[in-house]
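Have a look at the structure first, then work through the points below.

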Amino acid sequence: MENAPVPSDVASCFTDPRWRLNNLYYITDKTGTKVQFNMNWAQETLFDELHYLNLILKARQLGFTTFLQLYMLDSCVFHKDTRAGVIAHTKVDAEAIFRDKIKYPYDQLPEGLKATVPIQRDNTTTLELSNNSVIRVGTSLRGGTLQYLHISEFGKICAKYPEKAREIITGALNTIQAGQVAFIESTAEGQEGRYYDLCQEAQAKANMSAPLSSLDWKFHFYPWWEEPAYEIDPTNVVINDEYRKYFKKISAQGISLTDGQKAWYAKKAEVQQEDMKREYPSTPEEAFEASVEGAYYAKQMARAEAEGRIKVLPPIKHVPVHTAWDIGVSDYTTIWFFQATTNGPRIVGYYHDTDYGMPFYITKLGEYQERLGCRYGKHWFPHDIKVREWGTGRTRIEQFNEAVSGDEVMGRAVLVPQHSVADGINAVRALLADCEFDQAECADGLKVLRNYKKDWDEHRSVWRDTPRHDWASHGADGFRTLAMCYRDVPIVQPKEEEKPPVSQTAMTIQQMIARNSRSGKRRY
């Protein structure tokens, strides 16, 4: 396909960036065919709603990377002395963005325009033009001043490369001054990292309709259901009960879907599975609550949500509440509150804090007991509680048992046998198939379970077989304590009046797996 000549009567249009973007640039489409670029609905909406600093949370395949490169390339071609930068999360992605979305569109510009603003110098990541404008792509940009900055997939950078994310925040973002333009564009990657924090702050301002300064970030959200292409013929597409419940839930939030959209979502989710809400979110909240790449319990937590096992779940009266702990020295100490019933594990609370000794946490147990009117059974501690101390000269388990001695309501401490991390993780996966959670009391704990993930090997670009030590580690370790002790916890038939525990113990993890296998369930 040859470039169409620029007609003489459109000379005045060259001052209009919207006209330039929709008439001067050529790209390759998904089939590799050269086509003229025209803004789609999502790109045009962003163009019309641009602010100085822009946070873009979006579904996949809406074309924002292409649009943002063309927007910055156009600014460099038509304005001298302009500096633009793009940050990608890997070197390979950086080079591909430069080759396909910057250099190729420039090469397809009308010959007269290229003659007016020729390339002065270029390589695989930098394009320098004769008007002293430069656009460069890398994995980290520090130094100098940029008028335009685009950070691609910042959510993934925060999740996989926290040090690189910090470098971007302190380096590249400091090159943007008030009145200049920046874009942070990404899918969500869990409820942690600076991308998540920025989105929460910007969304709060948007919800309050607060006026934005040139140094405030504006929140833009583009859900899957606004994309016209995300719809198929619903004939012969079966919508199961899980998706019917989901569509009813989002309908209550004001999202009305056609049968074709429902069919597209159901078929797409067959492939994406637990990643569907991250890759194709319906709401901003859903995007950040979705599974995290590399997360140990992604499938189990997605299933718990889909089956409605995260809900209002107060403790059952007269059924003992047990606790499972992980002890931190300079990190978090975490406590899970749970009940063992014939209907399965009820996770009724979660608490964590740091820099306090055992007396503080015993006080917290008392506050929880008084607030919810429960009585305690056993408090399960990891094996190392009898080794580590808080500097009092006594082990923690000694401190605990001395503090609650003689108080039947407060229960007593018990050690969980030593086990490997791998065995504990497998036990958690099996137990989660039956757990119910109180959505309010366990809010922080649910974040922990969704975000507990493998460590990322940056050099080999693979997930390691070992957990990443971060803010989610101790809460997840506490739930491992819960999973490993649950087989030894007496289970109780929930009734209105108090009944003594039946002479039975909770099913072992192996029994759960066997039972679910016999019933044909795929819940872990």
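A cavity here is a set of points on a 1 Å grid over the protein atoms alone where a 1.4 Å probe fits but cannot get out. Grid points are joined across faces, edges and corners, and a volume is the space filled by probe spheres set on the points. Keep in mind that this is a predicted model, where local features need pLDDT of at least 70 and side-chain atom pairs count only at pLDDT 80 or more, while totals for chains, interfaces and linings use all residues. Residues are numbered from 1 along each chain as its sequence is written, and side-chain values use heavy atoms, with hydrogens and water left out.

**The second largest cavity**

- The second largest cavity has a volume of about 30 Å³.
- Its lining residues (those with an atom within 4 Å of a point) are Gly155, Cys158, Ala159, Glu189, Gly190, Glu192, Tyr195, Tyr196 and Phe288.
- Helix 6 (154–160) and helix 8 (193–207) each supply at least two residues of this lining, and helix 6 gives the most, with three. Helices (H or I, at least four residues) and strands (E, at least two) are DSSP runs, numbered from the N terminus.
- By class, the lining has five nonpolar, two polar and two charged residues. Ala, Val, Leu, Ile, Met, Phe, Trp, Tyr, Cys and Pro count as nonpolar, Asp, Glu, Lys and Arg as charged, and the others, Gly among them, as polar.

**The largest pocket**

- The largest pocket (an open set with protein on both sides within 12 Å along at least five of seven lines) has a volume of about 920 Å³.
- It is lined by 32 residues, and Gln61, Gly63, Thr65, Thr66 and Lys101 lie nearest its centre.
- Strand 1 (26–28), strand 2 (34–36), helix 3 and helix 4 each give two or more residues to the lining, with helix 4 giving the most, five.
- The lining splits into 11 nonpolar, 11 polar and 10 charged residues.

**Helix 3 meets helix 4**

- The axes (lines fitted to C-alpha atoms over the stretch in contact, with angles from 0 to 180 degrees between N-to-C directions) of helix 3 (residues 64–78) and helix 4 (residues 91–107) come within 10 Å and cross at roughly 45°.
- On the helix 3 side, the contact (heavy atoms within 4.5 Å) is made by Thr65, Thr66, Gln69, Leu70, Leu73 and Val77.
- On the helix 4 side, Ile97, Lys101, Ile102, Pro105 and Tyr106 make the contact.
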